[in-house]
Amino acid sequence: MKFFVAQLLTETNTFTSAPTGWAGYEEYGIFYGDASARDPQGFGAYLAGVRAAIEGDGHEMSESLCAFAQPYGRTVAEVYDQLSARILQDLEQALPVDGVILLLHGAMVAEGLDDCEGDLQRRVRELVGSDVPVGVELDLHCHFTQEMQRTADVTIAYKEYPHTDAVARARELYSIVRDTALGKVRPTTAVFDCRMVGVWHTTREPMSGFVRHMQSFEGRDGVLSVSLGHGFPWGDVPESGAKLWVVTDNDPAGAQALAERLGREFWDLREATRPPVVEVDVALDSVLAMRQGTAVLADVADNAGGGAPGDSTFILRRMLERGIGNAAVGMFWDLGAIHICREAGVGAVMDLRLGGKCGPASGDPLDLRVTVKQVLPVHSQVGLTGREPLSCSVWLRTSGGIDIALASVRSQVFGRDAFTGLGITLEDKRLVVVKSMQHFHAQFAPIAAQVLYVSTPGALRHDFESIPYTVRDLNYWPRKPDPHATSAA
């Protein structure tokens, strides 16, 4: 049998005015049919994992596009049109195929198009017809729309945040698509709209237990897969929000009953699973009260992985105002500052204006006296599947003893080597501030005496009850105490 596989990933923050254009995709590499071979440790790892499974079964894989862009604003219409057209062109040339596997995000928005994944899936379905199984993998921060459900035979979302299981879920998806093509199963899907907006970390209870609970149903009583799409709070589109769906083997009633059961169990956890986000000064008070060890603060509102610019100054400003030193902060995205430091060279001592350049959510720029400690023309960090490019990067040290890491590629912090690769030590620091929301956790928790999630007036607001939506329905928790009752009424 022959399976067609393509990958197109980005997450859109519709509150960010800056667009995602060609450069956003090109800095991570756009691969035309060879990502599994050329980039198996990067974003090609998803395709490489699927290829290994397909070829391990003695089948053929027709590989198409692999493209990823760091989350930001809406993808430029022409860019989406050309990327999607390439996938469709490759599919048409590959026909006939026995199955299609699309590795997507689920929260991609283009200019004039709120549901890119639904649009792509619809056109794929039109090409292959109703008899060829189409399987889709989604990031758990997806908008699982009715169009996406209608045009796929089976959809599976990652279960973990951080997304440590993306390759495993892709291989799981392939196995269901394969069995569907062989006539062994007939997937049916039912969805429960949880009517919730938020962020849920699966690294601690009760969410880690809920993930295990979902998995306990898979593989028995005809249940093929259970997914919880957390939704992406900063995507103002009609069908956003948390949804739980169940895929069964030709048992629509069983799928609906289990989806509602698990969806309501998740609803019952809503208060216990709120992210423990605190204000800046509360976090810094906690750091100053520590007698020993390193505190790690997550600057969640300036997480590039959610579409933030990566140059906000709110936390660093308060650290300076409160005289907190022996600290590290990163990764700042400030191309002008990087250029100046590169020209000045290692060892230069100078006055530098840093950050606060991308709008009100970035805060005001900081004027600092700094020493250029390191300039790396090419830098990278460990990512979810391999290496993440940071390109030309700089280590600065302020006169007050704060080490600041700057990167030319806008990215959240994943690994400690984002700092240590520049020469910045971490275990001896009193405080490490990472511009990330949760993907830092696996690498930084082992060195942390405490991990704190810090709220600022940045681009990713965590007051979910007052996010200024203009498109999506406002009947959701926590804006409404019981949106299910309101909806029923």
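Buried here means under 20% relative accessible area, and exposed means over 50%. Keep those cut-offs in mind on this tour. The model is predicted.

**Stop 1: helix α4**

Select residues 77-94, which form helix α4. Which residues of α4 are buried? They are Val79, Tyr80, Leu83, Ser84, Ile87, Leu88, Asp90, Leu91 and Ala94. Look down the axis of α4. The buried residues fall within an arc of 160°, so they line one face of the helix. Now turn to the other side of α4, where Glu92 and Gln93 are exposed.

Next, show what covers the buried residues of α4. The cover includes strand β1, α1 (22-26), β3 (60-68), β4 (99-103) and α5 (116-128).

At 1.5 Å a residue, the 18 residues of α4 should span 26 Å. The end C-alpha atoms of α4 are 26 Å apart, which agrees.

**Stop 2: the nonpolar cores**

Stay with α4 for a moment. The largest nonpolar core has 100 residues. Its residues with the most contacts inside the core are Leu8, Tyr25, Val100, Phe419, Val434 and Phe444. Helix α4 gives the most to this core, with seven residues.

Select Leu8. What does Leu8 touch, leaving aside residues up to four places away in sequence? Its contacts are Tyr25, Ala67, Tyr80, Leu83, Ile87, Leu103, Leu104, His105 and Met108. Tyr80, Leu83 and Ile87 are among the buried residues of α4.

Then select Met290, Cys341, Val370 and Leu431. They are included in a second, separate core of 36 residues.

**Stop 3: aromatic pairs**

The count comes to 15 aromatic pairs. Start with Phe3 and Tyr174. Their ring centres are 5.4 Å apart and their planes stand at 85°, so the pair is edge-to-face. Phe3 lies in strand β1 (residues 2-9) and Tyr174 in helix α7 (residues 166-181), so the pair ties together parts that are 171 residues apart in sequence. Are these two residues buried or exposed? Both Phe3 and Tyr174 are buried.

Move to Phe210 and Phe266. This aromatic pair is tilted, with 5.6 Å from centre to centre and 35° between the planes. Phe210 belongs to helix α8 (residues 207-215) and Phe266 to helix α9 (residues 252-268), so the pair ties together parts 56 residues apart in sequence. Phe210 and Phe266 are buried.

Now select Tyr28, Phe43, Tyr46 and Phe68. Ring pairs link these four into a cluster.

**Stop 4: charges over rings**

Show Arg410 with Tyr72. Arg410 lies over the face of Tyr72, 3.7 Å from the ring centre. Then show Arg472 with Tyr469. The charged end of Arg472 sits over the Tyr469 ring, 5.6 Å from its centre.

**Stop 5: helix α7**

Go back to Tyr174 and select the whole of α7. Its buried residues are Ala166, Arg169, Ala170, Glu172, Leu173, Tyr174, Ile176, Val177, Arg178, Asp179 and Thr180. At 1.5 Å a residue, the 16 residues of α7 should span 22 Å; the end C-alpha atoms are 23 Å apart, which agrees. Just after α7, find Gly183, with a positive phi of about 80°.

**Stop 6: His230**

Select His230, in the loop between β8 (223-229) and β9 (243-249). Its relative accessible area is 2%, so His230 is buried. The C-alpha atoms of His230 and Trp200 are separated by 7.2 Å, although the two are 30 residues apart along the chain. Beyond residues up to four places away in sequence, His230 touches Leu140, His141, Gly198, Trp200, Thr202, Met207, Gly241 and Ala242.

**Stop 7: backbone details**

Which residues does the cis peptide bond with omega of about -5° join? Select Gly330 and Met331. Met331 is in strand β12 (residues 327-332). Another cis bond runs from Trp477 to Pro478, with omega near 15°. Pro478 lies in the loop between β20 (450-455) and α15 (483-488).

Two non-glycine residues come next. Arg195 has a positive phi, near 55°. Find Arg195 in the loop between β7 (187-193) and α8. Asn326 has a positive phi of about 50°. Asn326 sits in the loop between α11 (314-321) and β12. With a relative accessible area of 38%, Asn326 is partly exposed. The tour ends here.

Methods. Residues are numbered from 1 along each chain as its sequence is written. This is a predicted model: local features need pLDDT of at least 70, side-chain atom pairs count only at pLDDT 80 or more; totals for chains, interfaces and linings use all residues. Side-chain values use heavy atoms; hydrogens and water are left out. Rings of Phe, Tyr and Trp (its six-membered ring) pair if their centres lie within 6.5 Å; planes under 30 degrees apart count as stacked, over 60 as edge-to-face and the rest as tilted. Helices (H or I, at least four residues) and strands (E, at least two) are DSSP runs, numbered from the N terminus. Buried means under 20% relative accessible area, exposed over 50%, partly exposed in between (1.4 Å probe, protein chains only). A charge sits over a ring if NZ of Lys or CZ of Arg is within 6 Å of the ring centre and within 35 degrees of the ring normal. A nonpolar core is a set of buried Ala, Val, Leu, Ile, Met, Phe, Trp, Tyr and Cys residues joined through side-chain atoms within 4.5 Å. Contact means heavy atoms within 4.5 Å. The expected span of a helix is 1.5 Å times one less than its number of residues. The arc is that of the directions from the helix axis to the C-beta atoms.
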